[in-house]
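Q: Hi! I have a structure here and I'd like to walk through it with you. Could you help me read it?

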Amino acid sequence: MAYLNVTKIEEALSQMKLRFQRKDSTVEMVDLEASLGRYLAKDLYATENLPSFRRSMVDGYAVLASDTLGASEQSPMILQVVGIVDIGCKSELNLTTGYAAYVPTGGEIPVGAEAMVMIEHTEALGPDIAIYYTATYGENIVGIGEDVQERTLILKKGTRLAPQHEAILASLGYAEIPVVKKPKVFILSTGDELVDVSSTPGYGQVRDCNSTIIRNIVESCGCEVVDSVRVIDEIEAFQKALRNATVSADVVILSGGSSAGIKDMTQLAIDSLAGNTDSPNVFIHGLAIKPGKPTVVGQIGEKPVIGLPGHPAACFITMKAFVEPFLNDFIGKNETEIRRIPCISGFQLHAAGGRDVYQLVEMVYEEEKLTAHILYGKSGMVSALAKANAYVVIKMNQEGIKVGDNLVAYLL
Ligand SMILES: Nc1nc2c(c(=O)[nH]1)N[C@H]1C(S)=C(S)[C@@H](COP(=O)(O)OP(=O)(O)OC[C@H]3O[C@@H](n4cnc5c(N)ncnc54)[C@H](O)[C@@H]3O)O[C@H]1N2
Ligand code: MOO
């Protein structure tokens, strides 16, 4: 059988990267409010200094630092108040030795002032102010461009915009953001036995749960599901659905029919459609991962078509191990997210000859360390998935893992 000739996951991903590259036309402008979760299509630079004026961090008095030298609770310095700075207005004051000016938090520091003394370290004495604190040069003042310097890089292309990124964009006036257009994904679930989630299955039938798995992971990668359709195991229906999917989407993801059974026709259907070259559309049938071995990978026209195994846990793992990294590359993700964390093995497991094992685990914080507990379950079962919060990988060239080994867990 062709698919016994398995391809390593790293090799499969690099083949995908070479074949499927998105073009620059995949950029669109969206309002700042709509940009959360989207990927930046360009490096963004500061168009101005932040702050644009010398700004006070506290409510208090602007002073010359040298005028407060030696001031304390026991021995205040007396300065004359020359005026008040209004928030949101330019300060017209010019501070010289012996004088202080009231400045609210966020107000402009008068020319000549060197530090801000908080109001609770002062006492009003008619036109004067008693200062009970020795201030240092620059204390409680943010200088021009001290936060963000004009023309510096603020966010890199490929950053997935999260709440913590949006403040700098808003502060710099980025009301519209150039983001990568969401790749369109078409989901095709194959199998005569599949029924809708809302249906009661007849004898031998099962509810289609893979479409839900695929949709959720696709959307969590910042892509858009354009349609999700179920197809019966019949070649004409399969071809028609596949043709339609490749017209309306950038990426097609199928589940089921990847293996070698009489009705497993994913490879046949993909290869039967007109391709770009004389070589078959399917360029990989079989990934060196467990579960997920029967995975089919092909190209119809310019479009990637990925056929995942029907067993739900295998479908899930293949989405995480193969499709998610592919979609991240396809969208141009700049990897900064920390999804890997060290943990201790709470189980023993042998490696699988010639395949990397992707093992679902439940990580628990025990005795001040994270321990990964194995979740047993055959790949057609969904119960292990429901308990899992991570997976670990046992590479094919490893011997296996023992209780107490240091592992790296990939968070789900
Ligand atoms: N002779 C062999 N048989 C199988 C092999 C093999 O190497 N030789 N590999 C096994 C492995 S491993 C897997 S994984 C499956 C892959 O099967 P297919 O991709 O061909 O999928 P189906 O046969 O269509 O379905 C398998 C199983 O999964 C259920 N299923 C399918 N789609 C869904 C869905 N959308 N939601 C829920 N459940 C689904 C289906 O009812 C079957 O029970 O092949 C093994 N066989
Ligand atoms: O590889 Mo199957 O994908 O083990 O369940």
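Q: How far is the backbone N or O atom of Gly292 from an oxygen atom of ligand 2?
A: In this predicted model, that backbone atom of Gly292 lies 2.6 Å from the ligand oxygen.

Q: And what about Lys293, how far is its polar backbone atom from an oxygen atom of ligand 2?
A: There the distance is 3.3 Å, again between a polar backbone atom of Lys293 and an oxygen of ligand 2.

Q: Which side chain has an N or O atom 3.4 Å from an oxygen atom of ligand 2?
A: That would be His311, through an N or O atom of its side chain.

Q: Switching to helices. Where is the kink in α6 centred?
A: On Met319. Helix α6 covers residues 312–331, and the kink is about 40°.

Q: How many residues of α6 are buried?
A: 18 of its 20 residues are buried, so that helix is mostly covered.

Q: What comes just after α6?
A: Gly332, which takes a positive phi of about 85°.

Q: New topic: where does Gln267 lie?
A: Gln267 is in helix α5, residues 266–272.

Q: Why does Gln267 count as partly exposed?
A: Because its relative accessibility is 25%, and partly exposed covers values between the 20% limit for buried and the 50% limit for exposed.

Q: What is Gln267 in contact with, leaving aside its neighbours within four places in sequence?
A: With Val282, His285 and Val296. As for Phe283, Gln267 and that residue are 16 residues apart in sequence, with 9.8 Å between their C-alpha atoms.

Q: Now Thr246. Which helix is it in?
A: Thr246 sits in α4, which spans residues 235–248.

Q: Is Thr246 buried or exposed?
A: Thr246 is buried, because its relative accessible area is 10% and buried means under 20%.

Q: What lies 2.9 Å from a polar atom of the Thr246 side chain?
A: The backbone oxygen of Arg243. Beyond neighbours within four places in sequence, Thr246 is in contact with Val252, Ile300, Lys303 and Val305.

Q: What about Thr7, where is its place?
A: Thr7 is in the segment before α1, the helix at 9–19. Thr7 counts as buried, since its relative accessibility is 15%.

Q: How far is Tyr391 from Ile187?
A: They are 204 residues apart in sequence and 24 Å apart in space, C-alpha to C-alpha.

Q: Last one: what are the domains of the chain?
A: The domain assignment gives domain 1 (9–26 + 182–330), domain 2 (27–50 + 148–180), domain 3 (55–142) and domain 4 (340–411). The centres of domain 1 and domain 3, taken over C-alpha atoms, are separated by 67 Å.

Notes. Residues numbered from 1 in each chain as written. Chains lettered and ligands numbered in written order. Predicted model: local features only at pLDDT ≥ 70, side-chain atom pairs only at ≥ 80, totals over all residues. Heavy atoms only, no water. Polar contact = N/O pair within 3.5 Å; in protein donor to acceptor, adjacent residues only side chain to side chain. Bend = angle between axes of the 7 residues up to and from the residue. Helix = DSSP H or I, 4+ residues; strand = E, 2+ residues; numbered from the N terminus. Buried < 20%, exposed > 50% of the residue type's maximum accessible area, 1.4 Å probe, protein only. Contact = heavy atoms within 4.5 Å. Domains from an automatic or database assignment.
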